Amino acid sequence: LTFLDISHNKMTELPTCVVSFHALKHLDFRDNHITEVPLDVDNLSHLKTLNLTGNSLTNPPAEILRLGFSHTVKYIKCLNRGFKSKQMLLKGLTLEKVPACVVAMTQLTSLSFSGNLLSTLRYQG
């Protein structure tokens with residue numbers, strides 16, 4: 001499967017089976033009720049387009065999504081590495097707010113927000 005269109009539905013999350021479609025290149029999930037993109041999307045190494053417009057996403061944040069697919073993937077990869085290594089390096093991602101998922105990571109040993117647009121370190125949900 002290389003193209004999957006689940007747009008204009010009432011989905012509240014990306015189904016876990018989606019990440020098993022390793023050849024997937026285009027995923028259209030616009031106009032649903034999704035709030036978070038699962039980090040497993042990083043496993044879709046052939047993915048070229050990910051359309052999530054029309055959802056109420058909190059993660060990735062709006063400032064990441066506005067910059068397009070490659071920036072969104074970069075953000076997701078940073079989060080994945082941080083979850084695995086406990087060292088979160090969210091450098092140069094144009095973040096304006098501290099992401100809620102980072103606040104919830106109590107196991108972190110180091111955290112870098114270098115080169116972003118943060119005006120405070122307080123979580124602003």
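Relative accessible area, computed with a 1.4 Å probe on protein chains only, classes a residue as buried under 20%, exposed over 50% and partly exposed in between. The model is predicted, with local features requiring pLDDT of at least 70 and side-chain atom pairs counting only at pLDDT 80 or more, whereas totals for chains, interfaces and linings use all residues. Residues are numbered from 1 along each chain as its sequence is written, and side-chain values use heavy atoms, with hydrogens and water left out.

Side chains of opposite charge can pair when their charged atoms come close. Three salt bridges are present in the structure, a salt bridge being a side-chain nitrogen of Lys or Arg within 4 Å of a carboxyl oxygen of Asp or Glu.

R66 pairs with E96, their closest N and O atoms lying 3.3 Å apart. This pair links distant parts of the chain, 30 residues apart: R66 is in the loop between helix 1 (62-65) and helix 2, and E96 in the loop between strand 4 (87-89) and helix 3 (100-103). Helices (H or I, at least four residues) and strands (E, at least two) are DSSP runs, numbered from the N terminus. R66 is exposed at 58% relative accessibility, while E96 is partly exposed at 35%.

K77 and D42 form another salt bridge, with 2.9 Å between the closest N and O atoms. Because K77 belongs to helix 2 (residues 69-85) and D42 to the loop between strand 2 (26-28) and strand 3 (49-51), the pair ties together parts that are 35 residues apart in sequence. K77 is partly exposed at 34%, as is D42 at 21%.

R30 and D28 also meet through their side chains, at 2.7 Å from N to O. Here R30 is partly exposed, with a relative accessible area of 25%, whereas D28 is buried at 10%.
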